[in-house]
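This report goes through one protein model, from overall figures to single residues. The sequence and the structure come first.

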Amino acid sequence: MSQANGRLVTTSLLSSDVLDSLVALKGATAVDSDGSGDVTSDTPLDASAIAGLVGLQAGTTNLFGDNGIIQLGAVGQYAQANDDGSSSAFSGAVSQAPSLIGVSTVTPSNVGAPTADSTAEIALGSTTDPVSLDVTLGALAASAQETAAGDQSGQYTLADAGITVGGSVLSPVLASLNTPLQTLLGVASGLGVNVADPISSDGTVTLTLQDLLDAAGVTSINDLPPGTNLLTYVPAAVVTVVTNAVNGVLTTLQNAVSTIPVLGPTVLAPAIATAQAVINPILSGLTGTLEGPLGAAITALAQLAVNVQTHNSDGSFTETALRVGVGPNGSLASVDLANATVGPNAGPVAVPLINPSSAGIAGGVALLGGGAWFLAGLLRRRRLLATAA
């Protein structure tokens, strides 16, 4: 007896009546109960599942699709149950299947239209809220395996991530830096030295996955413990990125002083000193003035936990690539993206019994009755962007 399930999406943002209408979201399920042949299921999200996802709402706000907080593209679901009592499962970006499970035939589905070259995009909050987050993921996938001996393990991929951070906590700090910077850059431009302003005009900071790993003090995302909340590292990463960008401009201009006869030392150098008198105290105080408040705002808004590993009460094991939590500690809602479940398996079957084409795996979607009003406020940014477009 062996079994596996690859399920792209599970979420607490469903009422029981909606759940009953989304049977197609059960994913790819494979069950080998009699040892008469390995069972494989390669199941993309079908039309009814996609329609159900796009139609899901929290209040008046779409959860998936072009105007939702979560958009998915080129994703698939796969499961295999083998005669020897082993099983494997996969869900997520189809391009990652060979690296995680050795399967290159997973059929893709699209739900929404994420940013180009992204598997998923997640947007929460607006520029008028304390914090806004726009997350893009180039690759997102998970796999799980159970050997014939009963050993369970999981793997995940999250790559090419980018997080654009904004909101009312961040924008005033950036503005306080931008005022002296723009004055200095104007002086430099008048002397023929053109340097780009490192502060975004829209009051946001964009981070790469490497920025987050640097803040965490690790070299690879696989070095993070299972269940790590990536957003924990955003505040420190923002401080580092802003500090390095501004200091980089100041260094560039300082190096240019000696290249400009007369006006370099007499005009540009004093302008740099004047700007530094304002900028340096702001930069040195960012840990207290920005990192702490930004961290508190992010904690209240959302979490992005990677490599969530769950040993379920029925003996099965689930690997989840990304858990999106809404509210403090995910107390209002959660959405699991790229789930793979294996087991519980009973090893090779000695006497054939029956061979059903498919069977359900124990489990389901947790229910949470609340949080719609919270999501509606978080997602004003997505609706405003969609209207502006």
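## Basis and confidence

This is a predicted model, in which local features need pLDDT of at least 70, side-chain atom pairs count only at pLDDT 80 or more, and totals for chains, interfaces and linings use all residues. Residues are numbered from 1 along each chain as its sequence is written, and side-chain values use heavy atoms, with hydrogens and water left out.

The mean pLDDT (the predictor's confidence in each residue, from 0 to 100) is 79 for the protein, and 76% of the residues reach 70 or more. Residues 350-389 have a pLDDT below 50; beyond near neighbours in sequence, this stretch has 88 contacts in the model. Contact means heavy atoms within 4.5 Å.

## Overall make-up

The protein has 10 helices and 18 strands. These elements are DSSP runs numbered from the N terminus: H or I over at least four residues for helices, E over at least two for strands. Of the 389 residues, 50% are buried. Buried means under 20% relative accessible area, exposed means over 50%, and partly exposed lies in between, with a 1.4 Å probe and protein chains only.

Among contacts with a separation of 6 or more, 72% are between residues 24 or more positions apart.

## Helices α4 and α6

Helix α4 (residues 171-190) and helix α6 (residues 234-257) have axes that come within 12 Å and cross at roughly 15°. That makes α4 roughly parallel to α6; angles under 35 degrees count as roughly parallel, over 145 as roughly antiparallel, 65 to 115 as roughly perpendicular and the rest as oblique. Axes are lines fitted to C-alpha atoms, for helices over the stretch in contact, and angles run from 0 to 180 degrees between N-to-C directions.

The crossing of α4 past α6 is left-handed, a term for the near helix being turned anticlockwise from the far one by less than a right angle, with clockwise being right-handed. On the α4 side the contact involves L174, L177, L181, L184, L185 and A188, which meet V242, V246, V249, L250 and L253 of α6. This contact of α4 with α6 has 11 nonpolar, no polar and no charged residues. Ala, Val, Leu, Ile, Met, Phe, Trp, Tyr, Cys and Pro count as nonpolar, Asp, Glu, Lys and Arg as charged, and the others, Gly among them, as polar.

## Helices α6 and α8

The axes of α6 and helix α8 (residues 286-301) come within 8 Å and cross at roughly 140°. Here α6 passes α8 in a right-handed crossing. From α6, V234, P235, A236, V238, V239, V242 and T243 take part; from α8, L286, L290, E291, L294, G295 and I298 do. By class, this contact of α6 with α8 has 10 nonpolar, two polar and one charged residues.

## A256 in α6

A256 lies in helix α6 and counts as buried, at 10% relative accessibility. Leaving aside neighbours within four places in sequence, A256 is in contact with V193 and L268. A256 and A269 are 13 residues apart in sequence and 9.3 Å apart in space, C-alpha to C-alpha.

## Backbone details in loops

D160 is not a glycine but has a positive phi of about 55°. D160 sits in the loop between β12 (152-159) and β13 (162-166) and is exposed, with a relative accessible area of 62%. V262, also not a glycine, has a positive phi of about 60°. V262 is in the loop between α6 and α7 (263-284) and is exposed, at 61% relative accessible area.

G343 and P344 are joined by a cis peptide bond, with omega about 0°. P344 belongs to the loop between β18 (333-342) and α9 (372-378).
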